[in-house]
Amino acid sequence: MSEPDLSPVKPYPGYPGMGAEPLQAATPASPRPRVEPAEPRSWSTTIKLQWPLLVDGELLEEVTIRRLTGADVADLLIGGAADVSLNVLARARAAGLHPDVIEAFAADDGEAFAAACRPLLPASLVALEQQLLADTEAQI
Amino acid sequence: MAALPFLVLRASNLLAEGDGGTTLNTHLSLGKTKLPMLKEKYDEFSPAASNGSIEVATTREPCASGFNLKGMQPDVLELFRTPFGTRRKFTILGALVNEYATSADDREIQVVATMWGRLNAETDDHEGGSLLGTEYEIKSISSYLLTIGTKEIARFNIELGGWVDSGGQSARIANMIGITG
């Protein structure tokens, strides 16, 4: 039997809620900065699928891939599913799609997608992938 | 002897926790909220040796809460899909203002009521030209905590013996009967 978590449902992250200090007017301790890419165009690219797919009944013809942030990479490393490779997870996250969708791309679309992703993925991940490919080729 | 402060509830809000820990903030459509009542049940007993009778407290009423939202809220209606054996977290927040506070420090006091329960929903009949609303009930509440300011007012946890009292009796009883170590 464990104590249930009776902390209040938080209306926004960092909400102090009830506790030791009485809550005055809700002013956050310091305003959060508004951060956006300086050159949005270099942060994403769009590719058209030659063989479009139906995902949950909706047509998917175009995929927009956005550059991964540090927070994305941290999430990937912590929460990756065991049966899906890090590369697929990273690409899925960059495209905003489920990994199953990436794996369902026609082979040519898959290759075009992987090539389009490469400049937008972190260099370390790309290096890891190239190392893996080199190892596989060496074995073949 | 200082008088009890006159605390007027100036605003309230209800937050529900959705799947994946998302927060559903109902403040735009919230109509009424009702906190779980703190009520005992009694059996009336007239001892053979007495000419009067007494209501003996036997147990407490189950915790139940409710609120209503104007319009329809797909995200809140979806909370009905709660598997048996699980519950969802709800928090009712309120802001009390002391009508006669002498300083700004203690003029506003927060009310926080958090509970784990299951949601029922009843959508009103729709009539042309009227504002449709949905009545929600939070039932099967297994744990509940009410705090006003920094003071804990009521705490209930069915798994640890029910309502916590002020003298530690519920804890001693729970120890005696082997609920807690």
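Author: The account below takes up the charged pairs, then the aromatic pairs, and then the surroundings of both.

The structure is a predicted model, and side-chain atom pairs are counted only at pLDDT 80 or more. Over all chains, the search of the whole structure finds seven salt bridges.

In chain B, one salt bridge joins the side chains of R10(B) and E99(B), with an N to O distance of 2.8 Å. This pair links distant parts of the chain, 89 residues apart: R10(B) belongs to strand β1 (residues 7-17), while E99(B) sits in the loop between β7 (88-98) and β8 (108-123). R10(B) has a relative accessible area of 52% and is exposed, because the threshold for that class is over 50%. E99(B), at 36%, is partly exposed.

A salt bridge also forms between the side chains of R60(B) and E40(B), at 3.3 Å from N to O. Here too distant parts of the chain are linked, with R60(B) in strand β5 (residues 54-60) and E40(B) in strand β4, 20 residues apart. R60(B) is partly exposed, its relative accessible area being 39%. E40(B) likewise counts as partly exposed, at 26% relative accessibility.

In chain A, salt bridges with shared partners join R66(A), D72(A) and R93(A) into one network. R66(A), by contrast, is partly exposed at 34%.

The contact between the two chains has a charged pair as well. Between chain B and chain A the count is one salt bridge; the side chains of K89(B) and D5(A) meet in a salt bridge at 3.0 Å, N to O. Around the interface, 26 residues of chain B are in contact with 18 residues of chain A. The two chains bury about 1,800 Å² between them, and carbon and sulfur atoms account for 57% of that area.

The aromatic residues may now be considered. The count comes to six aromatic pairs over all chains. One of them, F105(A) with F113(A), is edge-to-face, with 5.3 Å centre to centre and 75° between the planes. The pair is assigned to this class because its planes are over 60 degrees apart. F105(A) is buried, with a relative accessible area of 7%, and F113(A) is buried as well, at 1%.

In chain B, F67(B) and Y136(B) form a stacked pair, 4.9 Å centre to centre and with 15° between the planes. F67(B) lies in strand β6 (residues 65-70) and Y136(B) in strand β9 (residues 133-148), so the pair ties together parts that are 69 residues apart in sequence. Both F67(B) and Y136(B) are buried. Elsewhere among the aromatic residues of chain B, ring pairs link Y144(B), F156(B) and W163(B) into a cluster.

A further aromatic residue, F45(B), belongs to a surface feature. Together with I54(B) and V56(B), F45(B) forms a nonpolar patch on the surface, with about 270 Å² of accessible area in total. F45(B) lies in strand β4 (residues 40-45) of chain B. With a relative accessible area of 46%, F45(B) is partly exposed, and it can therefore be part of a patch, for which over 30% is required.

Chain A has five helices and two strands, and from the N terminus on its elements run β-β-α-α-α-α-α. Of the 140 residues in chain A, 28% are buried. Among contacts in chain A between residues at least 6 apart in sequence, 48% join residues at least 24 apart. The accessible surface of chain A amounts to about 9,700 Å², and 57% of it belongs to carbon and sulfur atoms.

How values were computed
Residues are numbered from 1 along each chain as its sequence is written. Chains are lettered from A and ligands numbered from 1 in the order in which they are written. This is a predicted model: local features need pLDDT of at least 70, side-chain atom pairs count only at pLDDT 80 or more; totals for chains, interfaces and linings use all residues. Side-chain values use heavy atoms; hydrogens and water are left out. Patches are made of residues with over 30% relative accessible area and no salt bridge: like charges are joined within 9 Å, nonpolar side chains (Val, Leu, Ile, Met, Phe, Trp, Tyr) within 5 Å. Accessible areas come from the Shrake-Rupley method with a 1.4 Å probe; for residues, only the protein chains shown count as cover. A salt bridge is a side-chain nitrogen of Lys or Arg within 4 Å of a carboxyl oxygen of Asp or Glu. Helices (H or I, at least four residues) and strands (E, at least two) are DSSP runs, numbered from the N terminus. Buried means under 20% relative accessible area, exposed over 50%, partly exposed in between (1.4 Å probe, protein chains only). Rings of Phe, Tyr and Trp (its six-membered ring) pair if their centres lie within 6.5 Å; planes under 30 degrees apart count as stacked, over 60 as edge-to-face and the rest as tilted. Contact means heavy atoms within 4.5 Å. Buried area is the accessible area (1.4 Å probe) that two parts lose on being put together, summed over both.
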